[in-house]
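Please keep the sequence and the model in view while going through the numbered points.

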Amino acid sequence: MSISSRIVSILILLTLLTSCGKNKKENGVEMLETDDETKISKTEFLAFVDSCVAIPDNFRTFFSRGINFDAESFSAPKLNLNIFFERDKQFITTIALAFPPIEGGRAKVERSQILVKSNYADIPSPMNVGFDIQTILQSILLGKLPPVYLVFGQTSFSNFDIYKKASRYYIEKSDSRTQMKIEMNDDYTLSSIVVSQAQFAAEIHCENYDVVENINLPKNLLFNINYENKSYIFSLNQRNIEINGTKKLTYE
């Protein structure tokens, strides 16, 4: 599999993991017991979850230029990525060699569909993922809790297990085919999301938060992807992020 197709496969893998804990009810509210922080009320926490999912009103466009791609578990040339997305609209990325700066391909994500162009790899396009991957990708880049309930065909987090442990918040859910676990920092920024489904498993960490135009964004994204028993570990390091600017990318 070429490096371009690997990266595109990664976009598909961002749907998917969780495990369940011991539940009990207190005053009619479902609680989850943990080893050291005991329980947390879903009623109290769900109100905040709803605000986490909402993208800030002052956010219109996101542009990140010259993202470093560093592979750890497989051989890959030095690559740069550019990412652009507009609030509630299409997500576009380009992939190029760092030197010489030759573009290797670009992709567009629209809701549950991925379209790919590449002169160097035979990649099927369009790809229909089956869930709203566009919104989830945008949420991860903004360091916000993604509306992962969409993966389970739900409209809210009300049926998820929510608990606090060692000053961190956890949200978990599983069904017969998908598992998901989300970890949030004590300031409610997204720390990690672990997801698995059939032959796919993905773990994404958001690190090195920095304020850009009054929005706290993760500049480092760490990925650990397992696809058909093959592991791909890599990181994306963002250096140039522009919010509500004039720069943009097109797929055409």
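1. A charge sits over a ring if NZ of Lys or CZ of Arg is within 6 Å of the ring centre and within 35 degrees of the ring normal. In this predicted model, Lys173 lies over the face of Phe160, at 5.9 Å from the ring centre. The distance of 5.9 Å thus falls within the 6 Å limit. Lys117 is placed over the face of Tyr251, with 4.7 Å to the ring centre.

2. Of the 252 residues in the protein chain, 50% are buried. The accessible surface of the chain amounts to about 12,100 Å², and carbon and sulfur atoms account for 45% of this surface.

3. How many aromatic pairs does the structure hold? There are ten aromatic pairs. One of them is formed by Phe59 and Phe85: the ring centres are 5.7 Å apart and the planes stand at 55 degrees, so this pair is tilted. The pair links distant parts of the chain, the two residues being 26 residues apart. Phe59 belongs to the loop between helix 2 (42-53) and strand 3 (61-71), while Phe85 belongs to strand 4 (residues 79-86). Both Phe59 and Phe85 are buried.

4. Is the pair of Tyr163 and Tyr170 stacked or tilted? The planes of the two rings are at 10 degrees and the centres are 5.2 Å apart, so the pair is stacked. The cut-off behind this reading is that planes under 30 degrees apart count as stacked. Both Tyr163 and Tyr170 are buried.

5. The Phe59 and Phe85 rings also belong to a cluster. Ring pairs link Phe59, Phe62, Phe85 and Phe91 into this cluster. In general, a pair of aromatic rings is described by the distance of the centres and the angle of the planes.

6. Nine of its nine residues are buried, so helix 3 is largely enclosed by the rest of the structure. Among the buried residues of helix 3 are Ile133, Gln134, Ile136, Gln138 and Leu141. Just after helix 3, Gly143 takes a positive phi of about 70 degrees.

7. Is Thr135 buried or exposed? Thr135 has a relative accessible area of 19%, and buried means under 20%, so Thr135 is buried. Apart from its neighbours within four places in sequence, Thr135 is in contact with Arg111 and Pro147.

8. Most residues other than glycine have a negative phi. Ala166 has a positive phi of about 50 degrees although it is not a glycine. Ala166 is found in the loop between strand 9 (161-165) and strand 10 (168-174). With a relative accessible area of 52%, Ala166 is exposed, as exposed means over 50%.

9. Where does Glu213 lie? Glu213 is located in the loop between strand 13 (200-212) and strand 14 (215-227). Its phi is positive, at about 50 degrees, although Glu213 is not a glycine. Glu213 is exposed, and its relative accessible area is 52%.

Terms used. Residues numbered from 1 in each chain as written. Predicted model: local features only at pLDDT ≥ 70, side-chain atom pairs only at ≥ 80, totals over all residues. Heavy atoms only, no water. Phe/Tyr/Trp six-rings, centres within 6.5 Å; stacked < 30°, edge-to-face > 60°. Helix = DSSP H or I, 4+ residues; strand = E, 2+ residues; numbered from the N terminus. Buried < 20%, exposed > 50% of the residue type's maximum accessible area, 1.4 Å probe, protein only. Contact = heavy atoms within 4.5 Å. Areas by Shrake-Rupley, 256 points an atom, 1.4 Å probe, with all protein chains shown as cover.
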